[in-house]
2 protein chains.
Amino acid sequence: MIEVDFRDARPIYEQVRDGLRRLIITGVIEAGEKLPSVRALSASLAINPNTIQKAMDALEQEGYAYSVPGRGSFAALPTDVGEGRRRELLKRLSAAAQELRFLGVPEEELIEAVRKREEDDR
Amino acid sequence: MIEVDFRDARPIYEQVRDGLRRLIITGVIEAGEKLPSVRALSASLAINPNTIQKAMDALEQEGYAYSVPGRGSFAALPTDVGEGRRRELLKRLSAAAQELRFLGVPEEELIEAVRKREEDDR
DNA sequence: ATAACTGTACTATAACACCCAGTACACACA
DNA sequence: TGTGTGTACTGGGTGTTATAGTACAGTTAT
């Protein structure tokens with residue numbers, strides 16, 4: 001369900017956070033649906049529960065999930081995602097586009113990459 | 001010329017590396033032109049020379065610059081930038097676009113962000 | 001030749017983030 | 001009652017980051 005690479009320079013909790021976010025974005029887990037529990041993810045990924053908890057905290061802070069003690073964590077509505085996240089993504093989009101244009105990639109190719117909707121990332 | 005925020009979570013050497021890359025991308029420093037020397041940057045930014053050196057190494061590894069002992073570091077040609085950097089940027093572009101669409105941002109707005117060329121990013 | 005500048009390479013240290021192990025508490029649900 | 005849940009601690013190990021200091025070899029201008 002989620003892939004974690006221990007050799008990757010990126011912290012594990014970020015990889016888990018991004019993996020969970022991706023499940024929500026791609027619709028695998030819809031709004032209101034339950035996310036994997038901390039202990040379940042800890043067991044299936046062979047990662048310390050504290051690290052999973054940290055990923056959950058980060059995801060909740062972004063607005064992509066909310067937690068209910070005793071019940072579990074759930075996917076939030078897209079409208080609950082903070083404005084900071086939107087601004088960061090738009091900044092990333094512009095920065096990547098600008099650098100790619102500097103590198104000689106034609107504008108049409110960039111627009112096509114934006115239009116295309118796929119999930120074959122890493 | 002380059003801004004460094006010590007309170008930022010991002011490592012200083014990454015901020016310096018990104019700042020130098022931006023100078024090249026925006027055309028402030030053209031291909032073949034000399035980059036600020038390690039010691040000059042170290043003095044003007046009040047940062048240890050080792051940290052600046054690390055930023056230079058990273059930039060050179062990306063292909064954005066090359067160094068000549070005794071002479072200095074210089075901006076490389078866009079064609080010298082590694083293919084890995086291009087693939088990473090395209091991945092970032094797609095990922096950001098996909099998430100923004102999930103958040104309800106209309107496709108036209110994304111395309112406009114890609115077309116627009118500005119330099120007001122941090 | 002001399003001086004000043006350049007990239008580069010070491011050693012050593014301190015601070016911090018990351019990840020782990022282990023334990024514990026309170027709540028929800030069947 | 002038992003199981004599963006989020007959450008909160010303490011400790012310890014490890015690697016990264018950034019620092020200070022020193023040093024060497026090459027280039028450039030005086």
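Modeller: What follows starts with the chain as a whole, moves to the surfaces near the DNA, and ends with the helix packing and the contact between the chains.

This is a predicted model, in which local features need pLDDT of at least 70 and side-chain atom pairs count only at pLDDT 80 or more, while totals for chains, interfaces and linings use all residues. Residues are numbered from 1 along each chain as its sequence is written, and chains are lettered from A and ligands numbered from 1 in the order in which they are written.

Chain A has 5 helices and 2 strands, where helices (H or I, at least four residues) and strands (E, at least two) are DSSP runs numbered from the N terminus. Read from the N terminus on, the elements of chain A follow the order α-α-α-β-β-α-α, and the C-alpha atoms of chain A fill a box of roughly 50 × 35 × 20 Å along the principal axes. Chain A is divided into domain 1 (12-77) and domain 2 (83-115), with bounds that come from an automatic or database domain assignment; the centres of these two domains, taken over C-alpha atoms, are 28 Å apart.

By class, the surface near DNA strand C has 9 nonpolar, 11 polar and 2 charged residues, where Ala, Val, Leu, Ile, Met, Phe, Trp, Tyr, Cys and Pro count as nonpolar, Asp, Glu, Lys and Arg as charged, and the others, Gly among them, as polar.

Around DNA strand D there are 22 residues, and A:S37, A:S67, B:I12, B:N48 and B:G70 come nearest. Here α2 (38-45), α3 and β2 (72-75) of chain A, with α1 (12-25) and α3 of chain B, each supply at least two residues of the surface, which divides into 9 nonpolar, 11 polar and 2 charged residues.

Within chain A, the axes of α2(A) and α3(A) come within 9 Å and cross at roughly 125°; axes are lines fitted to C-alpha atoms, for helices over the stretch in contact, and angles run from 0 to 180 degrees between N-to-C directions. The two helices α2(A) and α3(A) are therefore oblique to each other, given that angles under 35 degrees count as roughly parallel, over 145 as roughly antiparallel, 65 to 115 as roughly perpendicular and the rest as oblique. In this packing A:V38, A:R39, A:L41 and A:S42 of α2(A) meet A:P49, A:I52, A:Q53 and A:M56 of α3(A), two residues being in contact if their C-beta atoms, placed from the backbone, lie within 7 Å. By class, that contact has 5 nonpolar, 2 polar and 1 charged residues.

In chain B, α2(B) and α3(B) pack at an angle of about 125°, with their axes 9 Å apart.

Finally, the contact between the chains takes 28 residues from chain A and 28 residues from chain B. On the side of chain A that touches chain B, α4 (83-102) and α5 (107-115) give two or more residues, and α4(A) gives the most, with 14 residues. By class, this side of chain A has 16 nonpolar, 3 polar and 9 charged residues.

Note on methods. Near = placed C-beta within 6 Å.
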